[in-house]
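Here is a briefing for a reader who is meeting this structure for the first time.

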Amino acid sequence: LYMGKPVLALPETGNFEQEINGHFLKESNCGTINEMNTISSEDIIDFINNLDYYKSNINRERLNGNKDAMKIFKRYLSDDTVQLDEEFQKQQRVAS
């Protein structure tokens with residue numbers, strides 16, 4: 001998705017992580033999911049026929065959460081964290 005390409009997901013049966021990713025892929029309307037052992041030529045044709053629709057739903061900016069993650073890290077790594085680290089080190093010295 002990050003490359004702006006729709007996905008036809010074929011998760012391994014019983015692989016929960018792949019099945020969950022497929023579920024959210026379908027919910028996002030950026031692709032579709034089929035079972036590996038039951039996919040048909042009609043399913044593939046349907047996917048190809050809907051490529052423009054899937055592409056229109058892909059928001060590449062939303063897929064890169066690095067900026068948002070860094071904002072959260074910086075918020076939690078404020079001066080309070082330095083004080084907590086100093087307190088932790090003090091406790092470690094007392095314990096040893």
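The structure holds 2 aromatic pairs, where rings of Phe, Tyr and Trp (its six-membered ring) pair if their centres lie within 6.5 Å, and planes under 30 degrees apart count as stacked, over 60 as edge-to-face and the rest as tilted. The rings of Tyr-53 and Tyr-54 have centres 5.9 Å apart and planes at 55 degrees, so this pair is tilted. This is a predicted model, in which local features need pLDDT of at least 70 and side-chain atom pairs count only at pLDDT 80 or more, while totals for chains, interfaces and linings use all residues. Residues are numbered from 1 along each chain as its sequence is written, and side-chain values use heavy atoms, with hydrogens and water left out.

**Aromatic residues**

- Phe-47, Tyr-53 and Tyr-54 together form one aromatic cluster.
- Tyr-54 is buried, with a relative accessible area of 8%, whereas Tyr-53 counts as partly exposed at 40%; buried means under 20% relative accessible area, exposed over 50%, and partly exposed in between, with a 1.4 Å probe and protein chains only.

**Overall fold**

- The secondary structure comes to 6 helices and 2 strands, these being DSSP runs numbered from the N terminus, with H or I of at least four residues for helices and E of at least two for strands.
- Along the sequence, the elements follow the pattern β-α-β-α-α-α-α-α.
- Of the 96 residues of the protein, 12% count as buried.
- Among the contacts with a separation of 6 or more, 62% are accounted for by residues 24 or more positions apart, a contact meaning heavy atoms within 4.5 Å.

- Helix H1, made of residues 16-28, has 13 residues and reaches 18 Å from its first C-alpha to its last, close to the 18 Å expected at 1.5 Å a residue; the expected span is 1.5 Å times one less than the number of residues.
- Gln-18 lies in helix H1 and is partly exposed, with a relative accessible area of 29%.
- Leaving aside residues up to four places away in sequence, Gln-18 touches Leu-10, Pro-11 and Glu-12.
- The phi of Asn-29 is near 60 degrees, a positive value in a residue other than glycine. Most residues other than glycine have a negative phi.

**Strand E2**

- Thr-32 is found in strand E2, which covers residues 31-33, and counts as buried at 14% relative accessibility.
- Not counting residues up to four places away in sequence, Thr-32 touches Val-7, Leu-8, Ala-9, Leu-25, Phe-47 and Tyr-54, and of these Phe-47 and Tyr-54 also belong to the aromatic cluster.

**Surface**

- The accessible surface of the protein comes to about 8,000 Å², of which 53% belongs to carbon and sulfur atoms; accessible areas come from the Shrake-Rupley method with a 1.4 Å probe, and for residues only the protein chains shown count as cover.
- Leu-1, Tyr-2, Met-3 and Leu-63 make a nonpolar surface patch of about 390 Å². Patches are made of residues with over 30% relative accessible area and no salt bridge, with like charges joined within 9 Å and nonpolar side chains (Val, Leu, Ile, Met, Phe, Trp, Tyr) within 5 Å; a salt bridge is a side-chain nitrogen of Lys or Arg within 4 Å of a carboxyl oxygen of Asp or Glu.
- Leu-1 lies in the segment before strand E1 (7-9) and counts as partly exposed at 32% relative accessibility.
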